[in-house]
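Have a look at the structure first.

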Amino acid sequence: MGFFSFLLGEDARRFIKRKDSDAGEAGRALEELRGALYSELRTSEGAKRQQQRLCGPVVAMTFNFMVAVGIILTNKLVMGKGGFNFPIFLTLIHYCLAWLLLAIFKAFSMLPASPPSKSTPFSALFSLGVVMAFASGLANASLKHNSVGFYQMAKISVTPTIVLTEFILFRKTISLNKILALVLVSMGVAVATVTDLEFNLFGACIAVIWVIPSAVNKILWSNLQQQGNWTALALMWKTTPLTILFLVALMPLLDPPGGLTFQWNANNSLTVLVSAALGFLLQWSGALALGATSATSHVVLGQFKTCVILLGGYLLFKSDPGFVSLCGAIVAICGMSIYTWLNLRESHETHATQLPKAKGADDKTERRDTSNNSNTV
């Protein structure tokens with residue numbers, strides 16, 4: 001009887017009620033956690049915060065560096081030893097596979113949400129899709145008609161082009177020391193271009209034409225992610241169909257006939273598929289790096305790729321840039337290193353200047369709040 005009295009007594013009822021209350025609080029906490037996760041994954045602001053936490057500048061740029069080295073050597077293998085002499089068609093395959101993967105992500109609700117359509121004008125997305133087609137397509141065409149070393153040297157000239165374009169579009173100015181560093185870079189590029197033993201006029205023309213859309217492409221990717229709530233994958237999903245459309249229009253102009261009659265055996269198909277997979281990773285990692293840093297910093301990363309690409313081209317494809325071209329490359333890399341150092345010093349000075357201002361503003365706010373509280377009392 002004593003045991004049943006305990007079950008039916010006041011203490012037992014209070015104990016059961018407390019357990020029900022604890023279960024209710026646990027359920028509410030679970031619902032709040034679920035709501036927070038939904039906000040992080042299904043809103044553009046939350047998805048952008050998640051991308052910033054997981055892919056900081058170091059992670060994004062390391063990811064981009066590894067993929068870029070792999071795809072340049074793979075594409076040279078596809079178009080060299082594989083005999084796939086259709087660079088625009090290869091780029092089209094890259095973006096078709098990327099769009100297919102993004103569609104799978106979308107179907108499984110794994111694609112981050114996009115910002116509202118009113119927040120970003122369609123002209124900005126359209127421009128990005130167009131310049132992506134020219135930048136990516138002409139990059140592969142340049143790689144086909146130029147040596148690996150010359151291709152990489154042409155990429156160095158994108159940096160001063162970005163600086164000039166940002167000045168024209170956004171009125172961004174740079175210091176005299178940075179201008180001198182960029183002049184040093186341009187001189188190194190000129191030496192490497194003129195003295196490259198595998199230089200040809202048609203390849204040089206493609207490389208020069210490619211520089212402008214490549215610079216604009218990086219600027220747009222960086223600005224749309226940093227000024228809006230776009231993530232890399234969401235922006236890729238919106239712009240990839242436009243890029244595919246313009247690549248189809250570029251194919252008859254730059255590709256030779258016979259792309260569909262290529263010998264699609266197992267080895268060639270596998271190599272092209274690996275190249276396409278790396279192409280998707282390159283686009284994604286490049287977008288992450290541009291969102292985490294800036295257009296100029298992303299190009300600076302290319303200077304670290306230069307030594308690896310030149311070494312890989314020499315070992316795999318017997319490409320000999322020559323002593324003078326190598327000297328030009330070294331000069332260009334030195335100029336870019338000075339430019340990077342100036343950027344870092346300026347960033348540290350700006351940060352050190354802003355800290356006292358922020359601290360002073362916080363002190364003023366605290367004093368004002370204290371005064372208001374005392375007046376209220």
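Q: Which helix does T240 lie in, and what counts as a helix here?
A: T240 sits in helix α11, residues 232–254. Helices are DSSP runs of H or I with at least four residues, strands are E runs of at least two, and both are numbered from the N terminus. Keep in mind that this is a predicted model, where local features need pLDDT of at least 70, side-chain atom pairs count only at pLDDT 80 or more, and totals for chains, interfaces and linings use all residues. Residues are numbered from 1 along each chain as its sequence is written, and side-chain values use heavy atoms, with hydrogens and water left out.

Q: Why is T240 called buried?
A: Buried means under 20% relative accessible area, exposed means over 50%, and partly exposed is in between (1.4 Å probe, protein chains only). T240 has 0% relative accessibility, so it counts as buried.

Q: What does T240 touch?
A: Leaving out residues up to four places away in sequence, T240 touches Y95, W99, L102 and Q283. A contact means heavy atoms within 4.5 Å.

Q: What makes L73 count as buried?
A: L73 is in helix α4. Its relative accessibility is 18%, so L73 counts as buried.

Q: How far apart are L73 and L143 in sequence and in space?
A: They are 70 residues apart in sequence, yet 10.0 Å apart in space, C-alpha to C-alpha.

Q: Why is N75 called buried, and what does N75 touch?
A: N75 is another residue of helix α4. Its relative accessible area is 3%, so N75 is buried. Not counting residues up to four places away in sequence, N75 touches L90, H94, N140, L143 and S275. The C-alpha atoms of N75 and A276 are separated by 9.3 Å, although the two are 201 residues apart along the chain.

Q: How do α4 and α6 pack, and which residues meet?
A: Helix α4 (residues 57–79) and helix α6 (residues 122–145) pack at about 60°, with axes 10 Å apart. Those axes are lines fitted to C-alpha atoms, for helices over the stretch in contact, and the angles run from 0 to 180 degrees between N-to-C directions. On the α4 side I72, N75, K76 and M79 meet N140, L143 and K144 of α6.

Q: What makes α6 "mostly covered"?
A: Of its 24 residues, 17 are buried.

Q: Why is S109 called exposed?
A: S109 has 54% relative accessibility, so S109 counts as exposed. You'll find S109 in the loop between α5 (87–107) and α6. Its phi is near 55°, a positive value in a residue other than glycine.

Q: Where does α10 kink?
A: There's a kink of about 25° at V211, shortly before the proline P213. The bend is the angle between axes fitted to the seven residues ending at a residue and the seven starting there.

Q: How many helices and strands does the chain have?
A: The chain has 14 helices and 0 strands. Of its 377 residues, 42% count as buried.
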